[in-house]
Amino acid sequence: MSTIRFSLAFLVVVISAGSARAESDHWRIKVSVPDSATLQRLLDLGANVLDCCPHLGHTHVATTKSEATLLQLRGFQVEFVNAMPDPANWARFYEHVPADYRDTYFNADQILAHFEGLRAQYPTFVTRSQIGTSINNEPIWVYRVGRPLKIGGTPENAFIVLGLTHAREWVSGSVVMHVATKAAQTLSMPQAVPFMVNQTLYIVPILNPDGYRFTWTNNRYWRKNRRNNGGGNFGVDLNRNYAKGWGGQGSSGSPGSETYRGTAPFSEPETAGLRDFTLSLPRVGAVVDFHNYSQKILWPWSYTTAAPPHRQMLSDTAAAVEAQMDGFGANYDHGQGSIALYIAGGTSKDWFYDVKGSRSYTIELRDTGTYGFELPPSQIRPTQDEAWAGVAEMLRIMGP
Ligand code: 0X9
Ligand code: ZN
């Protein structure tokens, strides 16, 4: 009884403190999770938890006003963070915004149109090919940004860049547009020699097109692809579907889980297409899989806390990249994925490192949790700038 009275009093404070923002029916709240029983209760209630892998301490949850009240009535400690547009209507929220990729989020068609624009503007340096077809039959494209291939020379050193593996991590799509744009612009300048000599960027703007479209039309917080797993469950976590460490800790065998690994390594057409494309390349010197959020540059392994064979090289590279990325108002960290973040079997960076020996990274972009996946559009530009600074440094380090 006393809990309920306390909760109701607390709710009044919450609403009045946020009166300007509380007009929206959709809130982001912070729920304290002191122990695993509380966490389990929260998950059992079907709360829309915003952190990928909820942990003790506190976790962000997307709710309606009445769901927030309900949580409080059930004894959860909650705190209002900010108001949000209706997650099922995110597209409408961006409809009226002028379309510059530096200042606003682009939907799937707009992102692909941007890349097509680059291909039209820089036909010598930008080409594309299809690496696969998604579950819902959408082509998955890779854009090659580099100098024309020289027949018979040293095989080019490939640098693979991935965007939008996780559907709700929108700023990763903004960042890969910028990386492609800067690289193409720089290549086309006469003074660009020796920029990207014998190096080629292969950029997959949207690895998970079905999931990404779904975040614009149905659920802003969708993470996985759109595989129908049966029993009302959808989606495989593409970043638990790679072969290295597949099935291990930090992934789930339950089709309803946010980290569902799928029925087998590369069971998904999105990852299988990327695998085949990667294996067709003679050399892959670097890979960056862009995600958000937490401002971390993560190197292998993810699947184990054991050190990778090239630990020093991976760590030194990450430190140099971090030094470049830190100049734009955000502070990044770097570390081994399994240690600096958490153990996760079947992720991209372990597989690329394993099969190609690449300098392989997951870069978790902004922020550190204030806005999380709903990073305000005003932060797109600095996030793009720091990501390009990081990629340019990686190009310098990886060599021809
Ligand atoms: O869990 C993931 O797939 C990544 N984080 S996210 O919040 N974007 O979902 C991290 C993958 C690599 N991480 C580890 N090495 N643990
Ligand atoms: Zn992610």
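Start by selecting Asp-385, which counts as partly exposed at 23% relative accessibility. Here buried means under 20% relative accessible area, exposed means over 50%, and partly exposed lies in between, with a 1.4 Å probe and protein chains only.

The model is predicted, so local features need pLDDT of at least 70 and side-chain atom pairs count only at pLDDT 80 or more, while totals for chains, interfaces and linings use all residues. Residues are numbered from 1 along each chain as its sequence is written, chains are lettered from A and ligands numbered from 1 in the order in which they are written, and side-chain values use heavy atoms, with hydrogens and water left out.

**Stop 1**

The term salt bridge stands for a side-chain nitrogen of Lys or Arg within 4 Å of a carboxyl oxygen of Asp or Glu. Helices (H or I, at least four residues) and strands (E, at least two) are DSSP runs, numbered from the N terminus. Arg-102 is buried, at a relative accessible area of 13%.

**Stop 2: Glu-116**

Which residues pair with Glu-116? One is Arg-119, in a salt bridge whose closest N and O atoms are 2.9 Å apart. Both residues are in helix α5, and because they are three residues apart, about one helical turn separates them. Arg-119 is partly exposed at 29% relative accessibility, and Glu-116 is partly exposed at 25%.

Now select Arg-128, whose side chain also meets that of Glu-116 in a salt bridge, 3.4 Å from N to O. Arg-128 lies in strand β5 (residues 126–133) and Glu-116 in helix α5, so the pair ties together parts 12 residues apart in sequence. Arg-128 is partly exposed as well, at 30%.

Next, show Asp-109, Glu-138 and Arg-213, which are linked in a network of salt bridges. The structure holds 16 salt bridges.

**Stop 3: the zinc ion**

Go to ligand 2, the zinc ion. What coordinates it? The donors are His-166 (ND1), Glu-169 (OE), Glu-169 (OE) and His-291 (ND1), at 2.0 to 2.3 Å. Donors are N, O and S atoms within 2.8 Å of the metal (3.2 Å for Na, K and Ca); water is not among the atoms, so sites may look incomplete. The sequence spacing of the donor residues is H-x2-E-x121-H. His-166 and Glu-169 are both buried.

**Stop 4: ligand 1**

Finally, select ligand 1 and the 17 residues around it, of which Arg-223, Ser-302, Tyr-342, Lys-349 and Glu-364 come nearest. A residue is near when one of its heavy atoms lies within 4 Å.

Zoom in on three of these residues. An oxygen atom of ligand 1 is 2.5 Å from a polar side-chain atom of Arg-223. A polar backbone atom of Tyr-342 lies 2.4 Å from a nitrogen atom of the ligand. For Lys-349, a side-chain N or O atom is 2.7 Å from a nitrogen atom of ligand 1. The elements giving two or more residues to the shell are β11 (284–292), α10 (337–340) and β14 (359–365).

Methods. A polar contact is a pair of N or O atoms within 3.5 Å; within protein, one must be able to donate a hydrogen and the other to accept it, and residues adjacent in sequence count only if both atoms are side-chain atoms.
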